[in-house]
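Student: Could you take me through this model step by step, so that I can follow how each answer is reached?

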Amino acid sequence: MRALGTAHRAVRHPTTPHAGRVRHTADGRGPVGGAATAWRAVALGAATGGRSMTGLAAVTLTTPPGTTNRRGRPARIAALLAAAGELVADKNPRTPSRLDPVPLAGRLGTGVLAAVLLARQSGSRPLVPVLLACAGVVAASVAGVSWRAYASRRGHPALAALAEDVVTVGLATAAVRGTGHQMPGRHRGHRTPG
């Protein structure tokens with residue numbers, strides 16, 4: 001009987017390191033991988049379609065040094081400066097259309113890189129996140145160009161660009177929320193002073 005009880009417990013609680021384990025995001029709010037990674041990849045792609053460096057910067061800033069981000073702080077600073085610079089440069093009327101072959105290829109490239117980093121964070125295979133991110137890049141690029149053309153005809157190009165900035169940063173933030181590296185003072189069960 002004792003042997004049967006031991007076997008029963010072994011079936012219910014397997015000792016394989018990853019058997020039956022559900023991985024969660026860094027703040028414990030939900031599962032990592034699968035559907036969660038899929039929608040995060042789409043959001044990152046859409047953010048990249050809006051601003052080519054914003055999605056990649058978001059993933060870089062939330063990747064702990066020494067894991068998928070071996071350059072640590074310099075990589076984060078470079079990504080942040082590139083994203084901030086693009087937000088400024090985007091307002092220049094001489095900036096080429098994001099649907100031109102070279103800019104679109106650049107957005108697809110940064111979208112792929114962001115999706116690969118996201119997949120590594122979540123322990124997923126990168127193929128599906130990369131494909132979804134590319135779809136998000138193309139869809140958001142087309143939507144962004146249409147939105148800016150519409151706003152220009154209505155006489156509000158600057159407001160349209162700022163609104164797109166807000167949406168882009170919001171998408172990138174939502175895509176990486178709860179993944180990777182937590183900000184200082186944001187540990188669970190701990191309240192910062194003030």
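Student: How many helices and how many strands does the protein have?
Tutor: This is a predicted model, and what follows is computed from its atoms. Read along the sequence, the protein follows the pattern α-α-α-α-α-α-α. The count is therefore seven helices and zero strands.

Student: Among contacts between residues at least 6 apart in sequence, what percentage join residues at least 24 apart?
Tutor: As background, the protein has 194 residues, of which 35% count as buried, and its accessible surface comes to about 12000 Å², with 65% of that belonging to carbon and sulfur atoms. For contacts in the protein between residues at least 6 apart in sequence, the share that joins residues at least 24 apart is 71%.

Student: Is R51 buried or exposed?
Tutor: R51 is placed in the loop between α2 and α3. Leaving aside neighbours within four places in sequence, R51 is in contact with a list of residues that includes E86, D90, R107, A161 and T168. Buried means under 20% relative accessible area, and because the value for R51 is 1%, R51 is buried.

Student: Which parts of the chain does the salt bridge between E164 and R51 tie together?
Tutor: In the salt bridge that E164 forms with R51, the closest N and O atoms are 3.3 Å apart. E164 lies in helix α7 and R51 in the loop between α2 and α3, so the pair ties together parts that are 113 residues apart in sequence. Both E164 and R51 are buried. The parts asked for are thus helix α7 and the loop between α2 and α3.

Student: How far apart are the closest N and O atoms in the salt bridge between D165 and R51?
Tutor: D165 sits in helix α7 and R51 in the loop between α2 and α3, so that this pair, 114 residues apart, links distant parts of the chain. D165 counts as buried, because its relative accessibility is 10%. The closest N and O atoms of the salt bridge between D165 and R51 are separated by 2.7 Å.

Student: Which residues do salt bridges with shared partners join into one network?
Tutor: A search of the whole structure finds eight salt bridges. In one of them, R148 pairs with D90, with the closest N and O atoms 3.0 Å apart. R148 is in helix α6 (residues 127-153) and D90 in the loop between α4 and α5, 58 residues apart. The network formed through shared partners consists of R51, D90, K91, R98, R148, E164 and D165.

Student: Which residues touch the most other members of the largest nonpolar core?
Tutor: The largest nonpolar core has 17 residues, and the elements that give two or more residues to this core are α2, α3 (54-61), α4, α5 and α7 (157-176). L56, for example, touches T110, L113, A114 and L117, not counting residues up to four places away in sequence. The members that touch the most others are L44, L56, V59, A114 and V176.

Student: With which side chain does the side chain of T37 make a polar contact?
Tutor: T37 belongs to helix α2 (residues 35-50). T37 is buried, because its relative accessible area is 3%. The polar contact of the T37 side chain, at 3.3 Å, is with the side chain of S122.

Key: Residues numbered from 1 in each chain as written. Predicted model: local features only at pLDDT ≥ 70, side-chain atom pairs only at ≥ 80, totals over all residues. Heavy atoms only, no water. Helix = DSSP H or I, 4+ residues; strand = E, 2+ residues; numbered from the N terminus. Buried < 20%, exposed > 50% of the residue type's maximum accessible area, 1.4 Å probe, protein only. Polar contact = N/O pair within 3.5 Å; in protein donor to acceptor, adjacent residues only side chain to side chain. Core = buried A, V, L, I, M, F, W, Y, C linked by side-chain atoms within 4.5 Å. Contact = heavy atoms within 4.5 Å. Areas by Shrake-Rupley, 256 points an atom, 1.4 Å probe, with all protein chains shown as cover. Salt bridge = Lys/Arg side-chain N within 4 Å of Asp/Glu carboxyl O.
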